[in-house]
Amino acid sequence: MVVKSGGVGAAEEGAAGAAVRRWVEAGGGRLVLDGGLATELEAHGADLNDPLWSAKCILSSPHLIRKVHLDYIEAGANIIITASYQATIQGFQSKGFSKEQSENLLTKSVEIAHEAREMFLKQHSDQSTPMHRPILVAASIGSYGAYLADGSEYSGDYGEAGTLEFLKDFHRRRLQVLAEARPDLIAFETIPNKLEAQAYVELLEECNISIPSWFSFNSKDGVHVVSGDSLIECATIANSCAKVGAVGINCTPPRFIHSLILTIRKVTDKPILIYPNSGERYDGEKKEWVVTYSISNHY
C-alpha cells in the first residue's frame, strides 16, 4: 500500500483515510500486504476444492491459517488478511450450520489472525529494540460472485441477483459480524462492478461501521473493472465514502497495474493499495487459473 501526493478528493477522506495514513507513515511511507493465503494453505497440505475455498480451513484446520498468517508477519508483512474472503453466513448454512454457528465462524476468522499477531509479538517481546512497525488485521469480504464460486467474481455478471437491495441484504449481516470482531481494517476485495461498490458504501453508512475500510477492484484490461464498468466510476464511488480509507487493485495482471494506479489517482487522494495476481486468467468452467498470452502491454 503506497501513498502518493495529489489534491483530488481530500475532503472525502475522513477519519478512515486519516487512520490509514497514520499507519502508512508509521510503516515508513508504505505498508506491505501479505501474499496469497490459499496458495500457502495448499502448500501445507490443505485441500481447498470446496465452494468455501480457503474458508474451509476455518472449519477443518485453523492452525494452518494461523501458521500462514504468522509466516507472513515473520516475512515482514504489515497487514494480514483473514480467511473470510469466501466465508459467508449463507455458505456456512448450506453446509448445515445454524445462523449462530455461521456467525461464530466468521468471528473466528478474525480471531485466528489476532492470535497470529499476538504469537509474533510475544515471540519478539524480549528484543532490546522495541518493534514499531504496524501489524494490522484486515477482515476480508469477497464479492457475491465469490460466494457463488462460479467465477462470476471475475465477470461481475450476477443476472437477476444484480440489484442494489439484493446485494445489500446479502452482505449486511456478514459485514456487521466481521466488524464486531474488531479487525483493524475491513477489506472489500475483488469488487467486480460499480453496483456492488455502491452497495458496500451504503452498508458502511447504514450500519454505522467505524472501522476503516478499503475497496479493491479487479480489472480485465487496465481501463475497466471486469464487468466492463469504468474504473474511474468505481473509484469515484469509493472516494465518495468517508469510511473508505484506501482504494486499489487486486487479482489483476501486473502489466495493467501502473496505468490503473494513474487512473485511480485522477479521482482520489486516498492511499492506493495494489496486490496483483501472476497474470493468469480464471476459467469459471474448469475452476482453475490458466496462463494467458498477450503481444501488447509488455514492459
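Q: How many disulfides does a search of the whole structure find?
A: In this predicted model, a search of the whole structure finds 0 disulfides, where a disulfide would be a pair of cysteine sulfur atoms within 2.5 Å.

Q: Why is Cys-57 called buried?
A: The relative accessible area of Cys-57 is 1%, and buried means under 20%, so Cys-57 counts as buried.

Q: What surrounds Cys-57, leaving aside its neighbours within four places in sequence?
A: Cys-57 lies in helix 3, which spans residues 56-60, and, apart from those sequence neighbours, Cys-57 is in contact with Leu-41, Ala-46, Leu-48, Pro-62 and Ile-65. Asp-47 is 10 residues from Cys-57 along the chain, and the C-alpha atoms of these two residues are separated by 8.7 Å.

Q: What makes Cys-241 count as buried?
A: Cys-241 has a relative accessibility of 1%, which is to be set against the cut-off of under 20% for buried residues, and therefore Cys-241 is buried.

Q: Which residues make the contact of helix 6 with helix 8?
A: On the side of helix 6 the contact is made by Lys-99, Glu-103, Leu-106, Thr-107, Ser-109 and Val-110, and on the side of helix 8 by Arg-173, Arg-174, Val-177 and Leu-178. Sorted by class, the residues in this contact of helix 6 with helix 8 are 4 nonpolar, 2 polar and 4 charged.

Q: How do you know that helix 10 and helix 11 are oblique to each other?
A: The angle at which helix 10 (residues 231-239) and helix 11 (residues 257-265) pack is about 50°, and their axes are 9 Å apart. Roughly parallel would need an angle under 35 degrees and roughly perpendicular one of 65 to 115, so helix 10 and helix 11 are oblique to each other.

Q: What is the handedness of the crossing of helix 10 and helix 11, and which residues meet there?
A: The crossing of helix 10 and helix 11 is right-handed, and Leu-231, Ile-232 and Ala-235 of helix 10 meet Leu-260, Thr-263 and Ile-264 of helix 11. This contact of helix 10 with helix 11 has 5 nonpolar residues, 1 polar residue and no charged residues.

Methods: Residues are numbered from 1 along each chain as its sequence is written. This is a predicted model: local features need pLDDT of at least 70, side-chain atom pairs count only at pLDDT 80 or more; totals for chains, interfaces and linings use all residues. Side-chain values use heavy atoms; hydrogens and water are left out. Buried means under 20% relative accessible area, exposed over 50%, partly exposed in between (1.4 Å probe, protein chains only). Contact means heavy atoms within 4.5 Å. Helices (H or I, at least four residues) and strands (E, at least two) are DSSP runs, numbered from the N terminus. Ala, Val, Leu, Ile, Met, Phe, Trp, Tyr, Cys and Pro count as nonpolar, Asp, Glu, Lys and Arg as charged, and the others, Gly among them, as polar. Axes are lines fitted to C-alpha atoms, for helices over the stretch in contact, and angles run from 0 to 180 degrees between N-to-C directions. Angles under 35 degrees count as roughly parallel, over 145 as roughly antiparallel, 65 to 115 as roughly perpendicular and the rest as oblique. A crossing is left-handed if the near helix is turned anticlockwise from the far one by less than a right angle, and right-handed if clockwise.
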